[in-house]
Amino acid sequence: MPSLADVRFNSLYCMFTGEPGTIKSTQALSFPKPIYYFDCDKKIDALIAPAKYWGVDLTNDVKFDTYNDYGLMRSRLEKFQREC
């Protein structure tokens, strides 16, 4: 019987929730790369300073799309479910 120490993840599918200003997006920068962000509040630029401080490659390791329509977000989520 395998243990959890034997499990290898090919990808992580996570959603951080919480009150505004609790640095959820910044915390996600500490996750394994690459990272994709759903930018719903148009504050993705707030990640530039911490990413540079931590040496995160913003060109190759962090991707995002800005959404103002839940239908478009839903389509992207469904695409991730099919081909992550």
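For the residue classes used in this report, Ala, Val, Leu, Ile, Met, Phe, Trp, Tyr, Cys and Pro count as nonpolar, Asp, Glu, Lys and Arg as charged, and the others, Gly among them, as polar. The structure is a predicted model, in which local features need pLDDT of at least 70 and side-chain atom pairs count only at pLDDT 80 or more, while totals for chains, interfaces and linings use all residues. Residues are numbered from 1 along each chain as its sequence is written, and side-chain values use heavy atoms, with hydrogens and water left out.

**Confidence and architecture**

The pLDDT, the predictor's confidence in each residue from 0 to 100, averages 89 over the protein chain, and 100% of the residues score at least 70. The chain contains three helices and two strands, defined as DSSP runs (helices H or I, at least four residues; strands E, at least two) numbered from the N terminus. Their order from the N terminus is α-β-α-β-α. Among these elements, mean pLDDT is lowest for α1 (89) and highest for β2 (95). Along the principal axes, the C-alpha atoms fill a box of roughly 45 × 35 × 30 Å.

| Element | Residues |
|---|---|
| α1 | 24-28 |
| β1 | 35-39 |
| α2 | 48-53 |
| β2 | 62-66 |
| α3 | 70-82 |

**Strand pairing and backbone**

Strands β1 and β2 pair in the parallel sense over five bridges; pairing requires that DSSP find at least two bridges between two strands. I35 stands opposite V62 in β2. Together with α2, the two strands make a right-handed β-α-β unit; right-handed means that, with the strands pointing away from the viewer, the path from the first strand over the helix to the second runs clockwise.

In the loop between α1 and β1 lies P34, which is joined to K33 by a cis peptide bond with omega of about 5°. In the segment before α1, I23 has a positive phi, near 50°, although I23 is not a glycine.

**Salt bridge**

One salt bridge is counted, the criterion being a side-chain nitrogen of Lys or Arg within 4 Å of a carboxyl oxygen of Asp or Glu. E78 and R74 form this salt bridge, with their closest N and O atoms 3.0 Å apart. The two residues are separated by about one helical turn because E78 and R74 are four residues apart in helix α3.

**Largest pocket**

A pocket is an open set of points on a 1 Å grid over the protein atoms alone, where a 1.4 Å probe fits, with protein on both sides within 12 Å along at least five of seven lines; lining residues have an atom within 4 Å of a point. The largest pocket has a volume of about 1500 Å³, volume being the space filled by probe spheres set on the points. Its lining comprises 38 residues, with C14, A28, Y36, Y37 and F38 nearest the centre. By class, the lining has 25 nonpolar, six polar and seven charged residues. Elements α1, β1 and α3 each supply at least two residues of this lining.
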